[in-house]
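Subject: Structure handover

Hi,

Here is the structure I promised to pass on.

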Amino acid sequence: MPIMYTYMFRNIASDGFVFSDPQSPGDISRDSKPGCIIAAPSFPADTPGIDEDYVFNWVRDGAITAMEVAKADMLTRPGGTVQTLNDYVQFADLCHSSIQPPLTKGHACFNIAGDARPWTEQNDGPALQTVTILAAYDQLDLGTQKRAVDLVNANVAYLLGVYQGPTTNLWEEHSGYSFFARSAQLRCFEEVQASTIVGIDKPTGLRPAIKWLRQALAGHWDGIKYVSMLADPGDGAQPSPQNPVVSGYDPNIDIVQSAVYGALPVTDTKLLATAAQLRSQWEEGGIAFYSINKADKEAFGIGPLFGRYPGDVYDGDTAHPVLGGHPWALSTCNVAELHYKLASEIKSSGKVPVDDLSAPFFAQSGIDASTAPAAAAAALTATGDAMVRAVVYHSDNLELSEQFDGTTGFERSVHNLTWSYAAYLSAMRARAEAV
């Protein structure tokens, strides 16, 4: 874990560790500001064969990364503060204040100097940023705490105005009613409602929004799985799981991520039914089979590795898409974390949530209705371990790219993806609670 944390941490700018903008080399006015968390240090001139530039700050990725800093028990400055978290909040506030119409407070991506770049509006970002700021609050200095409260209040005010509407989704490919965004917003509203931090506003719309979002998430169930993105049917009609945004998008890994980063309970048997289908589609016989999963299982008993969704074509080189895509390190770690969190819930409750919906998920770990809770928790932990071991095995001396090749297992796409490390660290925190 310390090595993975170090690799993640080197993608966070400080006043003494500065990134240069690949699009403006030599222009120090475009250099990074402290607290900027880049998605990866990869850009086309640096990574042959990859035409994507990741030297930007995504609100969602930054929040997920900063959460790991907040949970890492960092060395503190006098007064008990963590400068990296002070920097994170101050940079987030800088980005927030740079937004001008027609952009919204849901703008998803910023240049490393803190100004908005042309990009999409994604309403999961302000929600996750708020959750992270609440978690980091006690490690901030007094001045930054004031900025943190103001930023949280502004985020919540914005989200209360948009949560019922469509948004660009997690993968930045479609606009519609996003299961992941709704789950992230629900977690945000629930944690704000429960917060005891002085100055945090609790508008009267919070409780109705929490109730509405819970019902909206339930509306993504199509009888077999949770659907990732619902289309707007127009004419005032309600979106339905029979009207997805696009075919080939489900089962989508963002449903599992809704339990890792959002408010979806890991004991939700509809979630587990969806997770079982996610695994089967990338194993032998599945509609998006990765042959590396068969090779890993037969040779080492590790895996499987997980991708994003069955119709994926993105591999970091948009000029040469590959139908079926490839497994992602963060996707695999997120599924492992689901297993660890579920193991913890079973240990604490003494109950295994097996029913007709979740039975296929539990069967993938050798669990059925007769399995004792302690044995089920151990089996789930072992399943998660096999997935994480595959990520480590295919890493480059523990350095993690965005993806692994679905045939060879070698790393591909952008290198040193910050979210890959954060997902690994989050999974390991969950494992520590499971054993």
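**Cavities**

β1 (57-58), α2, α3 and α4 each give at least two residues to the lining of the largest cavity. Bear in mind throughout that this is a predicted model. The largest share of that lining, 5 residues, belongs to α3. The volume of the largest cavity comes out at about 160 Å³, and of the 22 residues lining it, Val59, Ala92, Cys95, Phe110 and Gln129 are the closest to its centre. Sorted by class, the lining of the largest cavity has 11 nonpolar, 10 polar and 1 charged residues.

Searching the whole structure turns up 2 cavities of 30 Å³ or more. The classes for the second largest cavity are 3 nonpolar, 4 polar and 1 charged.

Now for the open spaces. The largest pocket holds about 610 Å³ of space. Its lining runs to 28 residues, and Arg187, Val260, Glu337, Lys341 and Arg429 lie nearest the centre. Two or more lining residues come from each of α2 (59-70), α4 (125-136), α6 (179-194), α8 (254-260), α11 and α14 (418-434). Which of the elements gives the largest share of the lining of the largest pocket? That is α4, with 5 residues. By class, the lining of the largest pocket splits into 14 nonpolar, 5 polar and 9 charged residues.

The second largest pocket has about 420 Å³ of space. It is lined by 21 residues, and those closest to its centre are Tyr54, Trp58, Trp171, Glu172 and Tyr314. Here the class count is 10 nonpolar, 2 polar and 9 charged.

**Helix packing**

I also have two helix pairs for you. Helix α11 (residues 329-349) and helix α13 (residues 373-394) have axes that come within 8 Å and cross at roughly 165°. That angle is why α11 is roughly antiparallel to α13; angles over 145 degrees count that way. The crossing of α11 and α13 is left-handed. On the α11 side, the residues that meet α13 include Ala329, Val335, His339, Leu342 and Ile346, while those on the α13 side include Pro373, Leu380, Asp385, Met387 and Val391. The residues of the contact of α11 with α13 divide into 14 nonpolar, 5 polar and 2 charged.

How do α3 and α5 pack, and at what angle? Helix α3 (residues 83-98) and helix α5 (residues 142-162) pack at about 45°, and their axes are 10 Å apart. The two are therefore oblique to each other, and the crossing of α3 and α5 is left-handed. From α3, the contact is made by Asn86, Val89, Gln90, Ala92, Asp93 and His96; from α5, by Thr144, Arg147, Ala148, Leu151, Ala154 and Asn155. By class, the contact of α3 with α5 has 5 nonpolar, 5 polar and 2 charged residues.

Ala92 of α3 links two of these topics: it is among the residues closest to the centre of the largest cavity and also takes part in the contact with α5.

Cheers

Note on methods
Residues numbered from 1 in each chain as written. Predicted model: local features only at pLDDT ≥ 70, side-chain atom pairs only at ≥ 80, totals over all residues. Heavy atoms only, no water. Axes fitted to C-alpha atoms, helices over the stretch in contact; angles between N-to-C directions. Helix = DSSP H or I, 4+ residues; strand = E, 2+ residues; numbered from the N terminus. Parallel < 35°, antiparallel > 145°, perpendicular 65-115°, else oblique. Left-handed = near helix turned anticlockwise from the far one by under 90°. Contact = heavy atoms within 4.5 Å. Nonpolar A, V, L, I, M, F, W, Y, C, P; charged D, E, K, R; others polar. 1 Å grid on protein atoms, 1.4 Å probe; cavity = no way out; pocket = protein on both sides within 12 Å on 5 of 7 lines; lining within 4 Å. Points joined across faces, edges and corners; volume = space filled by probe spheres on them.
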